[in-house]
Amino acid sequence: MKRILENEAMNGAETALGYDKIVEQHYRWLIEPHVNRILKLTAFEQNKKLSILDIGCGTGRLSLEIAKKAQADVYSVDCSLDMLRVLDANMAHTHTKGGVRLISADAKKLPFRDRCFDVVVCVNMFHHMPDPLGALRQIKRVVKDDGIVILSDLTRPVSPILVDLYVSVFGVLYDDVMKKQYRNSLSASFSAGEWRRLAARLGRRGLTMFNSFPHYINMHKKMQRHS
Ligand SMILES: C[S@@+](CC[C@H](N)C(=O)[O-])C[C@H]1O[C@@H](n2cnc3c(N)ncnc32)[C@H](O)[C@@H]1O
């Protein structure tokens, strides 16, 4: 099936608050596995203060949890001010070890120097982008030569019937609003084949890809050298 695009920025106070509620309620599925993976992949760097970039951070549940658990300076980027405002409010009642800096910017034009982050994370953002290549280029530009890139997102099912099936099975605990968002996001995401071609642009050496659900793809790459 063809992609049906969603809006790129998740603008609007109601949208941002609604999204945050969903993420809070389903934190265990939506955020925790990514936090654990980041901690595992960076565990060997325990004595170093890491610089971590969270692109398309939304309301920041992942950024804040990382800043709580790791010695890290976290930079949280989103192009929606409404999402960043909710992140700011969430931060007020979170005790973090390192700092969390909020940056309003477009993933296609990141306001950072080349090769300045140890870890670049991007969870569930790419399905919002009509064209992902600009953001991928920026990710490669800002990650250090020995840094890590972690990307996770939905994959678009081959047919609308599978969209219905996934919404009814994996979205069984969701309310109607979230079911609708989930359906739209599945339809907007890249197919498994498209993801494989995108991932190849990061370079194959050091790249690990795996599905955590039939329709959810995760990849991480330990950078060796910019290609
Ligand atoms: C589905 S949310 C995911 C938020 C967060 N990563 C999470 O997992 O909870 C997608 C986020 O990406 C942001 N986004 C979409 N396109 C973007 C872009 N070009 N630059 C920066 N942020 C973008 C949206 O505004 C939204 O906050």
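## Basis of the model

Residues are numbered from 1 along each chain as its sequence is written. Because the model is predicted, local features need pLDDT of at least 70 and side-chain atom pairs count only at pLDDT 80 or more, while totals for chains, interfaces and linings use all residues.

## Overall architecture

The protein has nine helices and seven strands, where helices (H or I, at least four residues) and strands (E, at least two) are DSSP runs numbered from the N terminus. Its radius of gyration, taken over C-alpha atoms, is 17 Å, close to the 17 Å that the globule rule gives for 227 residues, so the protein is as compact as a globular protein of that length; the rule is 2.2 Å times the number of residues to the power 0.38. Along the principal axes, the C-alpha atoms of the protein fill a box of roughly 50 × 40 × 30 Å.

## Helix 1 against helix 5

Helix 1 (residues 13-25) and helix 5 (residues 81-92) have axes that come within 8 Å and cross at roughly 50 degrees, the axes being lines fitted to C-alpha atoms over the stretch in contact, with angles from 0 to 180 degrees between N-to-C directions. That makes helix 1 oblique to helix 5, given that angles under 35 degrees count as roughly parallel, over 145 as roughly antiparallel, 65 to 115 as roughly perpendicular and the rest as oblique.

The contact (C-beta atoms, placed from the backbone, within 7 Å) is made by A13, T15, A16, L17 and D20 of helix 1 and by D82, M83, R85 and V86 of helix 5. By class, the contact of helix 1 with helix 5 has five nonpolar, one polar and three charged residues; Ala, Val, Leu, Ile, Met, Phe, Trp, Tyr, Cys and Pro count as nonpolar, Asp, Glu, Lys and Arg as charged, and the others, Gly among them, as polar.

## Helix 7 against helix 8

Helix 7 (residues 160-170) packs against helix 8 (residues 176-188) at an angle of about 140 degrees, with the axes 10 Å apart. That makes helix 7 oblique to helix 8.

From helix 7, V163, Y166 and V167 meet K179, Y182, R183, L186 and S187 in helix 8. The residues of this contact divide into five nonpolar, one polar and two charged.

## The ligand shell

The ligand is surrounded by 22 residues, of which the closest are G56, G58, C79, S80 and A107; a residue is near the molecule if its C-beta atom, placed from the backbone, lies within 6 Å of it. Helix 4 (61-69) and strand 2 (72-78) are the elements that give two or more residues to this shell. By class, the shell around the ligand has 12 nonpolar, five polar and five charged residues.

Conventions: Contact = placed C-beta atoms within 7 Å.
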